[in-house]
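Open the structure in your viewer and keep the selection panel at hand.

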Amino acid sequence: MQVWTELGEVPADFGPSVVTIGNFDGVHRGHAGVLQRLASDAHAAGLRSVAVTFTPHPAQVHRPQTAPPRLTGDADRLELLGETGLDAVLLITYTLDFARQSPEEFVRRYLVEGLHARTVVVGRDVRFGRDNGGDLAAMTRLGQGYGFDVEVVEDVTADPSVGDGHSADPLRRRWSSTWVRELLAEGDVRQAARVLGRPHRIRGLVVHGDARGRELGFPTANLASDATGMVPADGVYAGWLRRLAHADGTPVSPDDPDRVLPAAVSIGTNPTFDGVVRRVEAYVLDRTDLDLYGEEVAVELVERLRPTLRFASVDELLERMGQDVARVREVLAGAADPGVRVLPGS
């Protein structure tokens, strides 16, 4: 999949194309289903398929104080979009200046002149251009004027295997990034994975922490504060630590036996030691030999085991940590990543 970050990077001979527009935060099952169908239909018609998306999320520009947390950073979002079969993604840097374009300016510059759109696929609630002045009727009118068709994608609701725990009729709730955020805020990463179609992940560099875990016999990989991906409710989770790149920036080989490792993940402020900084840290089961500092990793969360607790003593904490590790082992044994073996306890 080709990725462009400005119109000037789009080849002059690209197209004709089928274009869709959206934020695609999380690239959940609803997004993926629509994009896979779009890419398949475009290829069958001899057209190119492309998604137009934005960074940062427009809400972070217009109302940064109340903007929802991002489910995925750009690197993960592009990787997931690529898995849908799209030919290309145009990742536009969203600024106030960009937002001042009229609906027609946006359509003409980006969809018509830039991407040579033959068909534009949008939802019924599409909004674009200055002050969100463009809607479905405007896009249809512009399509008639510029010679492209407009196809409307209806909301996709969850299948019978996925209840949402919120609505009276879970089958009627549509796949949405909002739904995933609600689940993560509750710590329900198992249900969030059903909506996403994969475990939720937090991605970042491993940095030095207090080294307290190492002193206690449970060395942890601490993620940098600028890690991407929404951080769910505080607690202890079973998950995977996926090594993405070495400290020198070279990718970790897919054949590396230590590429994906079972982990107990702690999210919170470490109240037993009066911590105040919220952290994401992962203890790789049974491993004290790893040097992950400076590496880029992704922590993928499978199940929340318990909330964060304050313990009366270090001995009480250590006892509970041992129980947590045993439970992590049980959970991951039934949710093993392909090619990963969870070692039995000694």
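Helices (H or I, at least four residues) and strands (E, at least two) are DSSP runs, numbered from the N terminus. This is a predicted model: local features need pLDDT of at least 70, side-chain atom pairs count only at pLDDT 80 or more, and totals for chains, interfaces and linings use all residues. Residues are numbered from 1 along each chain as its sequence is written, and side-chain values use heavy atoms, with hydrogens and water left out.

Select arginine 259. It sits in the loop between β9 (235-245) and β10 (260-268). Show what surrounds it: beyond its neighbours within four places in sequence, arginine 259 is in contact (heavy atoms within 4.5 Å) with Leu241, Arg242, Arg243, Val252, Ser253 and Pro254. Leucine 241 is 18 residues away in sequence, and 8.1 Å separate the two C-alpha atoms.

Next, colour the strands. Six of them make an open sheet with parallel pairing, in the order β1-β4-β3-β2-β5-β6; two strands pair if DSSP finds at least two bridges between them. At the edges are β1 (2-4) and β6 (149-153), each pairing on one side only. Zoom in on β3 (residues 48-55) and β4 (residues 88-93), which pair over six bridges. Here valine 52 stands opposite leucine 90 in β4.

Which residues lie nearest the centre of the largest pocket? Select Ile21, Gly22, Asn23, Asp125 and Val126, from a lining of 44 residues. A pocket is an open set of points on a 1 Å grid over the protein atoms alone, where a 1.4 Å probe fits, with protein on both sides within 12 Å along at least five of seven lines; lining residues have an atom within 4 Å of a point.
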